[in-house]
Number of protein chains: 4
Amino acid sequence: MAGTIRVAVAGGTGYGGVELLRLLLRHPHAAVVRATSEQYAGKRLDHVYASFRGRTDLLLEPLRAERLADGVDVAFTALPHGAAATTVVAVLDAGARVVDLSADFRLRDVETFRRWYGEHPAPDRLGDAVYGIPEFARERIRGARLVANPGCYPTGALFALVPFARAGLLGSGPIVVDAKSGASGAGRAAKTDLLFCEVEESIHPYAVGRHRHTPEIDQELSLAAGERRAVIFVPHLLPIRRGILTTAYVPLASDVDPEPLLRSAYDHERFVQLLGAETFPDVRDVRGTNDVHIGWTVLAHERTAVVVTAIDNLGRGAAAQAVQSMNVMFGVDESAGLDDIAAVP
Amino acid sequence: MAGTIRVAVAGGTGYGGVELLRLLLRHPHAAVVRATSEQYAGKRLDHVYASFRGRTDLLLEPLRAERLADGVDVAFTALPHGAAATTVVAVLDAGARVVDLSADFRLRDVETFRRWYGEHPAPDRLGDAVYGIPEFARERIRGARLVANPGCYPTGALFALVPFARAGLLGSGPIVVDAKSGASGAGRAAKTDLLFCEVEESIHPYAVGRHRHTPEIDQELSLAAGERRAVIFVPHLLPIRRGILTTAYVPLASDVDPEPLLRSAYDHERFVQLLGAETFPDVRDVRGTNDVHIGWTVLAHERTAVVVTAIDNLGRGAAAQAVQSMNVMFGVDESAGLDDIAAVP
Amino acid sequence: MAGTIRVAVAGGTGYGGVELLRLLLRHPHAAVVRATSEQYAGKRLDHVYASFRGRTDLLLEPLRAERLADGVDVAFTALPHGAAATTVVAVLDAGARVVDLSADFRLRDVETFRRWYGEHPAPDRLGDAVYGIPEFARERIRGARLVANPGCYPTGALFALVPFARAGLLGSGPIVVDAKSGASGAGRAAKTDLLFCEVEESIHPYAVGRHRHTPEIDQELSLAAGERRAVIFVPHLLPIRRGILTTAYVPLASDVDPEPLLRSAYDHERFVQLLGAETFPDVRDVRGTNDVHIGWTVLAHERTAVVVTAIDNLGRGAAAQAVQSMNVMFGVDESAGLDDIAAVP
Amino acid sequence: MAGTIRVAVAGGTGYGGVELLRLLLRHPHAAVVRATSEQYAGKRLDHVYASFRGRTDLLLEPLRAERLADGVDVAFTALPHGAAATTVVAVLDAGARVVDLSADFRLRDVETFRRWYGEHPAPDRLGDAVYGIPEFARERIRGARLVANPGCYPTGALFALVPFARAGLLGSGPIVVDAKSGASGAGRAAKTDLLFCEVEESIHPYAVGRHRHTPEIDQELSLAAGERRAVIFVPHLLPIRRGILTTAYVPLASDVDPEPLLRSAYDHERFVQLLGAETFPDVRDVRGTNDVHIGWTVLAHERTAVVVTAIDNLGRGAAAQAVQSMNVMFGVDESAGLDDIAAVP
């Protein structure tokens, strides 16, 4: 790619959108042409989020789907599920490419979508989308016009499970995915149960067995395994802002050491860090980044691998992975704009 | 019981010890005769913990095992593992009863103890101890001279698992116990990895497959099941002060609704609250109390029950359960001194 | 008083209301006859707040002002400012007594009220109310039919300032009151800026120089001083649930040691703990209680006392102080139902 | 400057040191030649702090003062007070420049140093140091061989006070500096009172009137004012990791609007953001950055300006300001390596 990638962000003041803008405004090969916000249209970004003071004078615009693509190479749509599809189609039809952070194009089966989300607004376009985890679908993303950016939980789960599935090493028992997420995953809508006083010093599971990310994990896991698999997925809400820790209990088909498998899958990946057997990740170490940290052990008595991944739900789980896909789509260095190191402590 | 129960607390300024003192100083039928602290001997309790200002002028004493029982009916030993046993034996030999909050008398098998903790200081006394979850061992506790107060994690796990085990409903697959604990469970020793800046905005698993509470869970689960069972136990450190949320994945032997089972086990127990199917607990609701909150669901596609319990690791997981055992031992109202309602928010 | 105090709570599911219910349901001399909630009318309290499971089957009712007093001796009104007054008047007219937790009857001057809150709904009743800090107005509270329960910030500030004001020791310079409050002080309404993700790892001042608690502090300080005084009041929002730490910078009229002054004011008060010169309080030590912890020092080079108080904004700053006033009004032990010790850690 | 700035970091695994390495490893004009750590010498940085995984294979070395300067242009010394001076002198004598993050060269007066810290190890070098706030001493830093990097609290305070002092607008009354700091300011040493369970849900003042940063504020304020001034300084410990909010109460010499004054001081400064009158900063917006956010108001009734600054204590309060000074010293773009935008939420 020669020159600058011109980007638009639709939904720039939700938590995913603002993280996109944080990354894109500092991206060496991108220029933010346009950012929209229903709630704050007409305001400057740095008056809504003071963290941008002195860095940009970007003005937030109202969303007009048919204009979003004007003068841009790629649009990031960080809109609510259901509402995103119309805008995505309009942008595609106008000739720009799209990385969609909603769930609208993640599921390949329209029936499955209907069951979990309702009627799909553009079912004929489902087939156009590439499910965008670059480490698993780099070539397809390169040529994609529409990348469906994965959900945060599926991202954390699939990095633990896919190597086993691809290698045919998943045993026959239940696959338990016990995930713990920071509160930013629930978005910025004003809800009582997301108030500081309700979340602090607290933890609880929610949507057990019926979280919308379940079919997404099942779909991609089944594709990787070459057979239909379904996980037991239990998300928990944590009193932290960012981060998902996923503890996956993986039944093994045989007495195998997972290390060569994981090394073969990830050693050449710059964003994936294998901490080693018996060394487990902490979400703080990936905060604000696109990194995936992985640790594991095998419990021989149950022939089960415990594989633990840590990601930032707004980074690798949303905005940073979307930017990584953009980098792949436009042929720039895959880590461009994604070289932050987590600020610890 | 007529009259007041005279108590001593050995190790009164660790997190478990100070919670014991908070409960015992307000207990309607107990009088704190003596509290020891190696670190703060000679100081007033309310000068170490200002929360006691205006409530007590109790002076902390150095521990002298042979004197601990003087004039007391029961001693609570909240001392480090290994160090507790000597004191426990001294108190027993002096004629008083003991509730031991250490791990020294929890395991029945001396070989198992050796493997996880080292040489046992008083192996011949192992058989004297009753493992002290009153809801599961009320009659034996009543007559016990030595109650081994359970570990915090085992308490949270066993409330989820024991009813299934006793009913013979545990299926044959792995039993996953994914537990999340507040930092007070790690005690008050000054360690870098327990600093505020290391724990805040963070979560990580630890001691995966080799936490010392594992044999304790296995032992009690096997006793309840009438056969040898072993769990997959993974604890996680949370950025909260108090509370353990335990998410147990229980393979079922048949297609059974757990509700009658759980109701039969717990409906008559005042400290155990069944929130209902699809209603899951939050640790904040049991903070500072002896309560156990339980929610569950069944995932039919894997014939697995997800059973979630919430306890306060310092309350039901340590001091409050110890006081409950004392109440049982001395025949007073089992909820005496344990009627706190969690302060929410 | 012979017999039980029959109480009603209007607004029982806001943060102040639920703390009232937590205290009153365990109060040895009170019986909760009725609790209202607009949002949750028809539901059981323990289904709204699971912390009450197993402790009460209280059903929440819709508020009907004219019925609130039926069969009750005293009503606690924990309603929004402006809305409370009508209910208060209805209860008084029905012959019951009232402890009002809103701001409606705190200010004595109707003009001041208008400037800060708008038109007063019942200006002729302003004179009937007693400003309810028992340590400063015990005798007047005893005979009061209407107690205006103080704001949380004024309570924290006045415990630091009143002894100096009454003794004529306030110097002539600015009195700075720098206060830091937990988020529960802002209530339970679903507002974006109170979301966990907005408050966590964060601190900011707000309403600087124009917080509605300012005239309340000024009024009571002026009454204590016998002359018109006005503070510089700056509140800050902290990422904690409960607690206000107030750092007051008090100009001294002369080179005086504050200790005798403070001891004379507070040594006989069971809820007020003087930690001593150079020993400063921490909000955690008063969490869930009615206690006030006070520390101080004198900075001779500026003839200024730094006086620091810690209270629980929902406890001493709202519900617990209201219960203390009820105890005074009905002649029972002033500490009845208020003997909790903060659970530390 | 042509070419790369070769740097060494002494004390690279304390909280200040690791933040230095985070910034320097990504700095476009710097190369980290050497980093020392007493505790972790011989280990890789990314094995101590997993956040560096995949970014560096830097090996930590033991500190040898006489070798620290080998092949480096500038050394950052992030060592304990008292211990730093020897190393600083060794580096200077070896011909390299130094930015010292300890307190050893901040105070100009050896008597004052002795009173607050003890005997100075190199009193003859005190005069060589430049107190390093670039916005106030840019020219002197440019030529300096030794920059004394300011304390975190003084940095937050001086940005609020210096413009008033320089303009002769400080009134005669007490200047109150009420500061609130995240726990990382206390360092990474394992101390009980810095444990998560001691800090969480808590706030308290400490070292009131006797914090070692007091003489540093007084010194620089007096220099700016051209007359001896001394502040009332009260620091508080917050349950956040990073950030200092400083609320300064500035007596004004006349009825003046501070806005032109502040604009004249800071409008041309890229790292200083004036949020405007009545708009106050939040520490989260500067987290991980070198930014200073400032808001203010004037309380006319007391002729007092309330000026509030927010900084990251490890960023602008330590490592980022040190890097900014390095940029100035070596003539590169002052914001090189310092363009992070705070990750919000």
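User: In which residue does B:Arg26 find its salt-bridge partner?
Analyst: A salt bridge here is a side-chain nitrogen of Lys or Arg within 4 Å of a carboxyl oxygen of Asp or Glu. For B:Arg26 the N to O distance is 3.2 Å. The partner in this salt bridge is B:Asp340.

User: Good to know! What kind of model are we looking at?
Analyst: Residues are numbered from 1 along each chain as its sequence is written, chains are lettered from A and ligands numbered from 1 in the order in which they are written, and side-chain values use heavy atoms, with hydrogens and water left out. Local features need pLDDT of at least 70, side-chain atom pairs count only at pLDDT 80 or more, and totals for chains, interfaces and linings use all residues, this being a predicted model.

User: Back to that pair: how many residues apart in sequence are the parts tied together by B:Arg26 and B:Asp340?
Analyst: The salt bridge joins B:Arg26 to B:Asp340. B:Arg26 sits in the loop between helix H1 (15–25) and strand S2 (30–36) of chain B. B:Asp340 belongs to the segment after helix H10 (315–329) of chain B, so the pair ties together parts whose separation in sequence is 314 residues.

User: Are B:Arg26 and B:Asp340 buried or exposed?
Analyst: The cut-offs on relative accessible area are under 20% for buried, over 50% for exposed and in between for partly exposed (1.4 Å probe, protein chains only). By that rule, both B:Arg26 and B:Asp340 are buried.

User: Which residue pairs with D:Arg316, and in which helix does that partner lie?
Analyst: The closest N and O atoms of the salt bridge made by D:Arg316 are 2.7 Å apart, and the partner is D:Glu135. D:Arg316 is in helix H10 (residues 315–329) of chain D, 181 residues away from the partner. Both residues are buried. The answer is D:Glu135, in helix H5 of chain D.

User: Where do the buried residues of H9(D) lie around the helix?
Analyst: Helices (H or I, at least four residues) and strands (E, at least two) are DSSP runs numbered from the N terminus, and H9 of chain D covers residues 258–266, with D:Pro258, D:Leu261, D:Leu262 and D:Tyr266 buried. Looking down the axis, and taking directions from the helix axis to the C-beta atoms, these buried residues fall within an arc of 105°, so they line one face of the helix.

User: Which exposed residues are on the face of H9(D) turned away from the buried side?
Analyst: The buried residues of H9(D) pack against parts of chain D including helix H6 (152–166) and strand S12 (292–299), contact meaning heavy atoms within 4.5 Å. The face turned away carries the exposed residues D:Pro260 and D:Ser264.

User: Which residues of chain D lose the most area to chain A?
Analyst: Buried area is the accessible area (1.4 Å probe) that two parts lose on being put together, summed over both. Chain D and chain A bury about 3,200 Å², 50% of it on carbon and sulfur atoms. On the side of chain D, 24% of what is buried comes from the residues that lose the most: D:Arg55, D:Ile341 and D:Pro345.

User: How many salt bridges cross the interface of chain D and chain A?
Analyst: One of them joins D:Asp291 to A:Arg55, with the closest N and O atoms 2.7 Å apart. Across the interface of chain D and chain A, the rule gives a total of 6.
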